[in-house]
Amino acid sequence: MINQAPQKLTVGIADMKILQFNGELITFALGSCIGICLYDPNIKLASLIHIMLPINMEAGRKNTMKYADTGIRETLRQMEARGARKARMIAKIAGGAKMFEVSGSSSLGNIGQRNIESVRMNLRREGVRIAAEDVGGTVARTLSFFPENGQGQIRAYGKPLIIL
């Protein structure tokens, strides 16, 4: 019998991965970006999306995972195709930091806050409850999620480990 180590899948920027039963989903450098863990505890199916922007206004909408609205919608579709049910799902989110101080009233100044609001609104629209979050602030985060127990972990420089 082969003893396989649990899988560790790295989710890049504007990317999404799905994992079932055990292993680790991890994404690095969540500044103004948001990591969204979607989880169906009944079948231990988890996904992690690393979104950059609140709304997809791209003409061809090529990279759906770059945006909160299309990324959440497409990930839910893929999870449901694997047997997940929205009614059972929970979300855990992290990120949305204000990484740069921008002078004037530029809307670019707090893209993190706009991302937080868009993620919350899109999850509510889809009927998925946010079970835990660590958002805002001014530090970048690394987010891990473990399908075997539905636990999220956040690491940030100079801060204690946060369990979601």
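Trainee: How far apart are the mean positions of the positive and negative charges of the protein chain?

Mentor: In this predicted model, the 22 positive and 13 negative charges of the protein chain have mean positions 1 Å apart.

Trainee: What about the interior: what share of the residues is buried?

Mentor: Of the 164 residues in the protein chain, 48% are buried.

Trainee: Let me turn to the fold. How many helices and strands are there?

Mentor: The protein chain has two helices and ten strands. Their order along the sequence is β-β-β-β-β-α-β-α-β-β-β-β.

Trainee: What does the radius of gyration say about the protein chain?

Mentor: The radius of gyration is 15 Å, and a compact globule of 164 residues would have a value near 15 Å, so the two agree. Along the principal axes, the C-alpha atoms fill a box of roughly 60 × 40 × 25 Å.

Trainee: What percentage of the contacts with a separation of 6 or more links residues 24 or more positions apart?

Mentor: Such pairs make up 60% of those contacts.

Trainee: Now to helix H1. Why does its span agree with expectation?

Mentor: Helix H1 covers residues 68-81, which is 14 residues. At 1.5 Å a residue it should span 20 Å, and its end C-alpha atoms are 20 Å apart, so the two values agree.

Trainee: Which residues of H1 are buried?

Mentor: The buried residues are Ala68, Asp69, Thr70, Gly71, Ile72, Glu74, Thr75, Leu76 and Met79.

Trainee: Which residue just after H1 has a positive phi?

Mentor: That residue is Gly83, with a phi of about 105 degrees.

Trainee: One more residue, then. Where is Ala94, and is it buried or exposed?

Mentor: Ala94 lies in strand S6, residues 90-95. Its relative accessible area is 0%, and a residue counts as buried when that value is under 20%, so Ala94 is buried.

Trainee: Which residues does Ala94 touch, leaving out those up to four places away in sequence?

Mentor: Ala94 touches Leu30, Cys33, Ile34, Gly35, Asp134, Val135, Arg141, Leu143 and Ile154.

Trainee: And how far is Ala94 from Ala68 in space?

Mentor: The C-alpha atoms of Ala94 and Ala68 are 13 Å apart, with the two residues 26 apart in sequence. Ala68 is also among the buried residues of H1.

Definitions and conventions
Residues are numbered from 1 along each chain as its sequence is written. This is a predicted model: local features need pLDDT of at least 70, side-chain atom pairs count only at pLDDT 80 or more; totals for chains, interfaces and linings use all residues. Side-chain values use heavy atoms; hydrogens and water are left out. Helices (H or I, at least four residues) and strands (E, at least two) are DSSP runs, numbered from the N terminus. The radius of gyration is taken over C-alpha atoms; the globule rule is 2.2 Å times the number of residues to the power 0.38. Buried means under 20% relative accessible area, exposed over 50%, partly exposed in between (1.4 Å probe, protein chains only). Contact means heavy atoms within 4.5 Å. Lys and Arg count as positive and Asp and Glu as negative; His and the chain ends are not counted. The place of a charge is taken as NZ of Lys, CZ of Arg, CG of Asp or CD of Glu. The expected span of a helix is 1.5 Å times one less than its number of residues.
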